[in-house]
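Please keep the 3D view open while you read.

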Amino acid sequence: MSETTVPDPDAGVPEAKDASTVMLVRDGATGPEVFLQRRAGAMEFAAGMTAFPGGRVDPVDAAVAIEWAGPPPRWWGERLGVSDARAKALVCAAVRETFEECGVLLAGLTADTVVADTGGYRAERERIEGRDLTLAEFLAARQLVLRADLLRPWSRWITPTVERRRYDTNFFVAVLPEGQLADGATTETDLVQWSTPAAALDTWKAGEHVLLPPTWSQLTSLADYRDTAQILAAEPQIDPIQPEFGEADGKKLLQFPDNMRYFADLPDPSRLVGSKGMRDTDPALLGGSGNAGGVADGR
């Protein structure tokens, strides 16, 4: 399969860097719950936003051999629409970022087991986050096998061309391994929580936290499933989504799937000042209950 790319027709558009995000889910009393983080205010991208664990692909993520269980890189490449090497890097980044940001490790001593407690790997976790240790080196030293089969591909979003920082982000989903705990012991997060997708969307509508469109979209899709088994069995069609400006009644509007539904429920657009695409959207079309003027003029 040829690699899927989304052309940038505008000269000088920043390159979209590859990134991986993992939606950790578990079964709760009222349905599936997802692990959410509020990004620290000092972060350069999406500061203060509620999101899932994830981050940019590191060049070393696919540079060395690694013990691997589950579908091979070619399988991932076919589903993500990228080359085998790029797919391997995206999967490795997904495992690494999840371990770095919340201590959940999708790896085991054998191809059919997964570690039940990651507390003993805390020092290595900190070294990986500090880029003093690679994921491959850690797994090899601990004789661990990366469990790619615990991940499922879910969607792919590309940052609009108007943004200064752009990412080509592949979203994955994984069930929290039995015995492991997801935490917030990272410099990139200042608050973590488990929530049903529906409850997270309700609290977003109430203005209790901030969701960018990709996060909102994933929560909306997860809300349709009754348990984690159904989520893992799903095979969503993965087509790259890159929001772009269009016209609505002669006004500029950032377009993406179900965008008007998002705008109608957006509680306070002024809190999205970190997003140029949202800031440039005509405030009259943003809807919500907040003061949209802050988005339009960049405050």
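The points below go from the whole chain to a few of its elements.

1. **Ground rules.** This is a predicted model, in which local features need pLDDT of at least 70 and side-chain atom pairs count only at pLDDT 80 or more, while totals for chains, interfaces and linings use all residues. Residues are numbered from 1 along each chain as its sequence is written, and side-chain values use heavy atoms, with hydrogens and water left out.

2. **The whole chain.** You will find ten helices and twelve strands; these are DSSP runs numbered from the N terminus, with helices being H or I of at least four residues and strands E of at least two. Of the 299 residues, 49% are buried (under 20% relative accessible area, with exposed over 50% and partly exposed in between, for a 1.4 Å probe and protein chains only). Among contacts (heavy atoms within 4.5 Å) with a separation of 6 or more, 68% join residues 24 or more positions apart.

3. **Strand β9.** Have a look at residues 166-175, where nine of the ten residues of β9 are buried. Strand β1 (residues 16-28) pairs with β9 in the parallel sense over ten bridges, and S20 has N170 as its bridge partner. Strand β8 (residues 151-158) pairs with β9 in the antiparallel sense over seven bridges; here L151 stands opposite A174. Two strands pair if DSSP finds at least two bridges between them.

4. **A three-stranded sheet.** The open sheet runs in the order β5-β7-β6, with mixed pairing. Its edge strands, β5 (68-69) and β6 (107-108), each pair on one side only. Between β6 and β7 (residues 145-147) the pairing is antiparallel, over two bridges, and A107 is partnered by L146 of β7.

5. **Helix α6.** Why is helix α6 largely enclosed by the rest of the structure? Eight of the ten residues of α6 (residues 213-222) are buried, so the rest of the structure largely encloses this helix. Among the buried residues are P213, W216 and L219.

6. **How α5 meets α6.** Helix α5 (residues 197-205) packs with α6 at an angle of about 140°, their axes being 8 Å apart. Axes are lines fitted to C-alpha atoms, for helices over the stretch in contact, and angles run from 0 to 180 degrees between N-to-C directions. The contact is made by P197, A200, L201 and W204 of α5 with W216, L219, T220 and L222 of α6.
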